[in-house]
Every structure is written in C-alpha cells, then in structure tokens.
Amino acid sequence: MNNSSKGFILCVCQGTCPSFDKMNFYEILNRLRQEKLVDWVLIHLTLCAEDGDEFLKVLLSGKKVEKLYVAGCADIMQKKMFREAFEEIGFPKENHVGIEIRNMDTEQAYDTIKKTITSEVGPSNN
Ligand code: SF4
C-alpha cells in the first residue's frame, strides 16, 4: 500500500434500521476485501452521531486517507452530516463519496458499491 489509502465504511444505522434488514453486512465487506476494491474496510454503527464525528476526525486527521467511501444513507445527507468533522481536520470534502444503499438486498447493495468505486477509481488506477 502507498502512503495514502482508499477506505470503505459501511454505516449501518445502529444495525436496527429496517432499511438494512435485507442485507448481510459481513458478506458485503468480505467481498470488497476479496476483490481488493479498496485498501481497507470497516463497519460503523452511527457515523452521524457525536462519536461518529470523533471517529471520522481520528481516522482522517493523519492525512493518510486519499479517498473515503461511505455506504449507508444518501450522499447528500452524509455531506451535510459530516461537513463539520471534515472541515475541522481539513479533509477535502470531494474526497468523500457517499453511496446510498438503503432498502437494498446484499446483491443490490454490493453491485451499487462496486459500480461507484470502480467508476471513481478507473480500471488502470486500481
Ligand atoms: S450516517 Fe446515515 S447511515 Fe449512518 S447512522 Fe447516520 S443516517 Fe444512518
């Protein structure tokens, strides 16, 4: 891995939101790892809560993360909710890509995530 990395966070609304009922979080994360679509993956319960803000600041403050993909609610919602944390530590907001996967099953969610990441990264840079 080079000095900067591409990471993926699956944000699952505490794991209790009905919008995520039809998907297997671990299968999605494992497939992303196996296909090496990003450098690392993780799961977070509530990125838009106070501890989620804190987490984003700790994760991104070392300037090692070049691109951050977050699957969960809509990109536009994420942009609003993460804005302060990004601004506080100087993470460029254009380096964050939100991927909406609510109400999808595992297959649909994985395909949507993969499509977004590969169209962002481009085959020659992967
Ligand atoms: S950031 Fe979006 S997906 Fe994550 S907990 Fe908040 S509303 Fe749910």
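Helices (H or I, at least four residues) and strands (E, at least two) are DSSP runs, numbered from the N terminus. Residues are numbered from 1 along each chain as its sequence is written. The structure is a predicted model, in which local features need pLDDT of at least 70 and side-chain atom pairs count only at pLDDT 80 or more, while totals for chains, interfaces and linings use all residues.

Lys-36 is located in the loop between H1 and strand S2 (40–44). Its phi is positive, near 55 degrees, although Lys-36 is a residue other than glycine. Lys-36 counts as exposed because it has 8 C-beta neighbours inside 10 Å; the term exposed applies at 12 or fewer other C-beta atoms within 10 Å of a residue's own, buried at 20 or more, and partly exposed in between, with C-beta atoms placed from the backbone. Gln-14, in the loop between strand S1 (5–11) and helix H1 (25–34), likewise is not a glycine and has a positive phi, of about 65 degrees. With 10 C-beta neighbours inside 10 Å, Gln-14 therefore counts as exposed.

Helix H3 (residues 75–89) contributes three residues to the shell around the ligand, the most of any element; a residue is near a molecule if its C-beta atom, placed from the backbone, lies within 6 Å of it. Among the residues surrounding the ligand are Cys-11, Cys-48, Met-77, Gln-78 and Met-81. The buried residues of H3 are Gln-78, Phe-82, Ala-85 and Phe-86. A kink of about 50 degrees in H3 is centred on Phe-82, the bend being the angle between axes fitted to the seven residues ending at a residue and the seven starting there. After H3 comes Gly-90, with a positive phi near 75 degrees.
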